[in-house]
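Dear colleague,

Please find below the structure that I am handing over to you. My notes on a sheet and on the surroundings of a ligand follow it.

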Amino acid sequence: MSQEADRGCWIIQDSHDVAIIVGPGARRLIGRLALEYGPYSTIVVVADAGAPRAMLGDILAGIRDAGIPVYFTELPGGEKTKTLDTVVQLWSWMAKENVPRDALLVAYGGGAVSDTAGFVAATYMRGIDWATVPTTLLAMADAAVGGKTAVNLGAKNIVGVFHHPRIVVADIDHLGTLPHEEYVSGLAEIVKHAAIHGRDLLDWLRGNAEGLVKRNPETLTRAVKYSLDVKMSIVSRDYREKRGDRMILNLGHTVAHALEKATGYTMRHGYAVAIGLVVEGIAATMKLGAPREDIEEIRSLLSSIGLPTAPPSGLDPMETLEAIKLDKKRRGNRIVMPMLKEIGKPVLVSMGIEEALDLLAEAWRLAASSGQ
Ligand SMILES: NC(=O)c1ccc[n+]([C@@H]2O[C@H](COP(=O)([O-])OP(=O)(O)OC[C@H]3O[C@@H](n4cnc5c(N)ncnc54)[C@H](O)[C@@H]3O)[C@@H](O)[C@H]2O)c1
């Protein structure tokens, strides 16, 4: 991975030729980047209707300035957009407009719009290049890299493929308009990446917690960049999720998915991940002898940036955790879970399903009692 700082923006080039630009104002570079990474005869912009209009205007202007013809359409933001109906609608529209194979699709919006538009790019005419301009913190710090595209079908992300974007433009100017809960939720994945990476990054986050809460642009630029660095370094070892290395990125997610299911998906993903990091961290102290201070450090950082660290009192642990029987990480009667041996030392642990249930339920009770 090579990188350089340019007028407040970080430019990261990964080993697979994906260009990642992070920083305030980065959206204005999209036309220039399309010229550099193309040639593209046409650009198709698929925008999230909930993302800031003025900044979308800058993106469209940048593309026009680059002299590339542009088509534009809008989708409602959020989970309701992640359907096959939306995909068919986009395919049909692009075919009707004669969008050619050498077009670049630009997804502008939150993770739901980018997962959907990325899937359209992966499948339209057997696949065209795409760029993503994430506009939520979760999409910037996590969803934008890794190449996962999908729509829901009954359950989440049932139909999808790996199709890495060529260009990622994480312009932190977008984060000013995010509602508080949406913003804080995105911070959980940043903490997860830091816990996987090591103490230096976790210490940096702790030292900059106030800047994060206040959405300081410089702090945010660095936090998003660090987060993407960690994710890219894991993803580039296992580009299409064939070897298992990427399972490490599921830290906190076994419990998080169970919590999301039990709350009928009303709990925000990042809130569930934050609780999951604590419960699974306590489980790691019992199963692997992970240092209690390490888990306490993660818990206090999550709490200082406004994330929950204890499971909601109305949920029964055993009933909630039953969901792990349907977890994608299950292999027969066993489940493979990422756990922290210590901060910066994630390992994959294989356990019988019943053992995992008992362990996590006990950790859940401890997290609940220490959160009172
Ligand atoms: N592909 C991946 O690797 C990956 C990783 C994590 C999550 N995801 C997916 O991402 C989705 C969640 O994404 P999300 O958290 O970005 O939420 P989201 O895409 O559901 O968007 C949430 C809301 O925020 C609005 N919005 C977008 N940008 C905004 C802005 N700048 N200001 C104000 N409002 C804005 C949207 O219109 C929407 O109403 C889920 O579907 C999840 O499965 C994918």
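Two strands are said to pair if DSSP finds at least two bridges between them. Strands of a sheet pair through backbone hydrogen bonds, either parallel or antiparallel. Please keep in mind that this is a predicted model.

With that definition, three strands form an open sheet in the order β11-β12-β13, and their pairing is antiparallel. At the edges are β11 (330-331) and β13 (345-352), each of which pairs on one side only. Between β11 and β12 (residues 334-342) there are two bridges; R330 has I335 of β12 as its bridge partner.

Two helices accompany this sheet. Helix α11 (residues 269-288) packs on the sheet and touches β12 and β13, with its direction at about 90 degrees to that of β12. Helix α14 (residues 353-370) lies across β11, β12 and β13 and runs at about 120 degrees to β13.

I turn now to the ligand. There are 26 residues around it, of which D48, G111, T135, T136 and T177 come nearest. By class, this shell holds seven nonpolar, 10 polar and nine charged residues. Which element gives the largest share of the shell? It is α5, with four residues.

- E79 has an N or O atom 2.9 Å from a ligand oxygen atom.
- T135 places a polar atom 2.7 Å from a ligand nitrogen atom.
- T136 has an N or O atom 2.5 Å from a ligand oxygen atom.

Taken alone, the ligand exposes 880 Å², and the protein buries 83% of that area.

Yours sincerely

How values were computed
Residues are numbered from 1 along each chain as its sequence is written. This is a predicted model: local features need pLDDT of at least 70, side-chain atom pairs count only at pLDDT 80 or more; totals for chains, interfaces and linings use all residues. Side-chain values use heavy atoms; hydrogens and water are left out. Contact means heavy atoms within 4.5 Å. Axes are lines fitted to C-alpha atoms, for helices over the stretch in contact, and angles run from 0 to 180 degrees between N-to-C directions. A residue is near a molecule or strand if one of its heavy atoms lies within 4 Å of it. A polar contact is a pair of N or O atoms within 3.5 Å; within protein, one must be able to donate a hydrogen and the other to accept it, and residues adjacent in sequence count only if both atoms are side-chain atoms. Accessible areas come from the Shrake-Rupley method with a 1.4 Å probe; for residues, only the protein chains shown count as cover. Ala, Val, Leu, Ile, Met, Phe, Trp, Tyr, Cys and Pro count as nonpolar, Asp, Glu, Lys and Arg as charged, and the others, Gly among them, as polar.
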